Amino acid sequence: GSIPLPLELHGGLNLDTKTLKSDKLDLAAFIAGTHVTAKGSASLGAPSGQISFTLDSKNLKQTLSALGVDYVPQDPTAMSAVSLKGNAKFTDKSIALSKLDGTVDGTPLKGSLSAALPESVTANLTVGAVNADRYMPSKQVDLTPAPAAGAQTTPKGSVRQTASGASGPAQ
């Protein structure tokens, strides 16, 4: 499905290079209980851009579900109140979030996060006291990659999660 978003772009479309460049991007959206605003610039074709953003949510799980993300944390009250602002720079191969400042369920969060897709993620975050188990997915995640079409595979082991949360080889 699609989600209607009020989006204002000021820029130009270059038909020779098949790129859209906007020096002014202004987005405001309310998606399933989450209000998002973004202002900045972007270029499509070889995607890149930079924005300043805010996110305020009373139920981020519901918003993620509306966007097709299946996330159910161990604690049903986790991710119920999220407020975050910051800056983002992105290309088709990386994203960097900086000047992050906000709260997750009342816990303060500040810092930066960067990712070179899909190889690495680097975080420099200051977070108040938090019980990370609350936010872990409630479903077991299968870490075995799907075999290529027509490939024959013989599993050499699997991963299981114990009641304590530790992972190890399946018995």
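Predicted model: local features only at pLDDT ≥ 70, side-chain atom pairs only at ≥ 80, totals over all residues.
**The largest pocket**

Start with the largest pocket, which holds about 840 Å³ of space. By class, 28 of the lining residues are nonpolar, six are polar and one is charged.

Next, colour the strands. Which of them supply at least two residues each to the lining? They are β1 (7-14), β2 (19-31), β3 (34-44), β4 (48-57), β5, β6, β7 (107-116) and β8 (120-127). The most comes from β6, which gives six residues to the lining of the largest pocket.

**Lys 99**

Stay with β6, and select residues 94-104 to show this strand. Lys 99 lies in it. The phi of Lys 99 is near 50°, a positive value. Most residues other than glycine have a negative phi. Is Lys 99 buried or exposed? Lys 99 is exposed, because its relative accessible area of 64% is over the 50% cut-off.

**Met 79**

Now move to the loop between α1 (60-66) and β5 (82-91), and select Met 79 there. Met 79 is another residue other than glycine with a positive phi, in this case near 65°. Is Met 79 buried or exposed? With a relative accessible area of 16%, Met 79 falls under the 20% cut-off, so this residue is buried.

How values were computed
Residues numbered from 1 in each chain as written. Heavy atoms only, no water. Helix = DSSP H or I, 4+ residues; strand = E, 2+ residues; numbered from the N terminus. Buried < 20%, exposed > 50% of the residue type's maximum accessible area, 1.4 Å probe, protein only. 1 Å grid on protein atoms, 1.4 Å probe; cavity = no way out; pocket = protein on both sides within 12 Å on 5 of 7 lines; lining within 4 Å. Points joined across faces, edges and corners; volume = space filled by probe spheres on them. Nonpolar A, V, L, I, M, F, W, Y, C, P; charged D, E, K, R; others polar.
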